[in-house]
Amino acid sequence: MKKKVKKIAAALCAAAAVLSLGGCGGLSSLMAQGFDASGYVQGILDSTYKGIYDKYMETTGATETEAAEGYEAGLETEANYLAAYLGFQEYFESDAMDQTLKQEMIDYYRELYSHSRYEVAEAVETDSGYNVQVTIEPINIMNDAMSDLETYIDDFSTRNMNGEFADYSDEEFYKTFAEGAMDVLEGYMDSFTYAEATNIVVLVYEDTDGLYTISDNDFTNLDTNMVLYP
């Protein structure tokens with residue numbers, strides 16, 4: 001199920017590196033120094049998942065503000081995906097969404113992403129660009145929590161059918177449901193497991209403007225394996 005909702009926004013995070021190369025005059029200096037394709041991929045991953053911007057700024061010319069904005073946008077996108085996964089995306093995206101709860105969901109991914117495990121190998125130059133292998137140990141928290149999450153959803157559905165929430169507004173109903181679901185997921189933050197490591201090779205290539213980038217599909221493949229969903 002992961003990650004059609006996130007695909008476009010995640011690709012935009014990757015594309016930000018391309019835009020910053022052109023906008024900050026970084027391309028010519030990077031070419032003169034020798035492009036660090038592995039560092040470029042490392043920078044994208046560190047910036048997207050750990051809020052560490054040094055390598056991203058070094059290889060793209062992005063400012064810290066630009067990198068931080070991309071990081072925060074990615075967290076909100078992932079929280080939005082979770083809302084869609086659990087069935088309350090419309091509430092999440094509405095003005096009626098409880099802002100404390102929304103921030104809790106965003107901060108949940110801030111904490112979860114900080115535990116991301118990945119290793120970037122040395123780039124191998126090819127006729128098409130640079131192949132960079134990334135080894136990821138996928139975070140398995142959703143599978144770990146699924147049994148308890150399903151129990152919670154079944155119980156909540158029973159309570160709903162019994163009329164417990166009959167007097168609730170839609171906003172109150174979804175807020176109550178979401179808070180309970182987050183309680184379940186947060187309960188696994190200190191005990192989640194990692195799935196078996198997987199190797200992914202991404203291609204860093206020059207686009208038609210002569211700027212280095214990775215494809216939307218490659219970024220999505222990395223992202224899909226960072227946190228697994230059933």
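Student: Where is the place of Thr-63?

Tutor: Before the answer, a word on conventions. This is a predicted model, in which local features need pLDDT of at least 70 and side-chain atom pairs count only at pLDDT 80 or more, while totals for chains, interfaces and linings use all residues. Residues are numbered from 1 along each chain as its sequence is written, and side-chain values use heavy atoms, with hydrogens and water left out. Helices (H or I, at least four residues) and strands (E, at least two) are DSSP runs, numbered from the N terminus. Thr-63 belongs to the loop between helix H4 (54-60) and helix H5 (64-86). Its C-alpha atom is separated by 8.8 Å from that of Tyr-53, ten residues apart along the chain.

Student: Is Thr-63 buried, exposed or partly exposed?

Tutor: The classes rest on relative accessible area: buried means under 20%, exposed over 50%, and partly exposed in between (1.4 Å probe, protein chains only). Thr-63 has 36% relative accessibility and therefore counts as partly exposed. Ser-38, which is found in helix H3, counts as buried at 9%.

Student: Which residues does Ser-38 touch?

Tutor: Contact means heavy atoms within 4.5 Å. Residues up to four places away in sequence not being counted, Ser-38 touches Val-120, Ala-121, Glu-122, Ala-123 and Val-132.

Student: How many aromatic pairs does the count come to?

Tutor: Rings of Phe, Tyr and Trp (its six-membered ring) pair if their centres lie within 6.5 Å; planes under 30 degrees apart count as stacked, over 60 as edge-to-face and the rest as tilted. By this rule there are 22 aromatic pairs. One of them joins Phe-156 and Phe-177, an edge-to-face pair at 5.1 Å centre to centre with 65° between the planes. Phe-156 lies in helix H8 (residues 141-161) and Phe-177 in helix H9 (residues 170-186), so the pair ties together parts that are 21 residues apart in sequence. Phe-156 is buried, with a relative accessible area of 3%, and Phe-177 is buried at 9%. The ring centres of Phe-165 and Phe-173 are 5.7 Å apart and their planes lie at 80°, so this pair is edge-to-face. Both Phe-165 and Phe-173 are buried.

Student: Which residues form one aromatic cluster with Phe-156?

Tutor: The cluster comprises Phe-88, Tyr-91, Tyr-152, Phe-156, Phe-165, Tyr-168, Phe-173, Tyr-174 and Phe-177.

Student: Over which ring does the charged end of Lys-50 sit?

Tutor: A charge sits over a ring if NZ of Lys or CZ of Arg is within 6 Å of the ring centre and within 35 degrees of the ring normal. The charged end of Lys-50 sits over the ring of Tyr-118, 5.0 Å from its centre. The charged end of Lys-102 sits over the ring of Phe-92, at 5.1 Å from the centre.

Student: At what angle do H7 and H9 pack?

Tutor: Axes are lines fitted to C-alpha atoms, for helices over the stretch in contact, and angles run from 0 to 180 degrees between N-to-C directions. Helix H7 (residues 99-113) and H9 pack at about 25°, with their axes 11 Å apart. Angles under 35 degrees count as roughly parallel, over 145 as roughly antiparallel, 65 to 115 as roughly perpendicular and the rest as oblique. H7 is therefore roughly parallel to H9.

Student: Which residues of H3 and H10 make the contact?

Tutor: Helix H3 (residues 37-50) and helix H10 (residues 216-226) pack at about 45°, with axes 12 Å apart, and are therefore oblique to each other. The contact is made by Ile-44, Leu-45, Thr-48 and Tyr-49 of H3 and by Phe-219, Leu-222, Asp-223 and Met-226 of H10.
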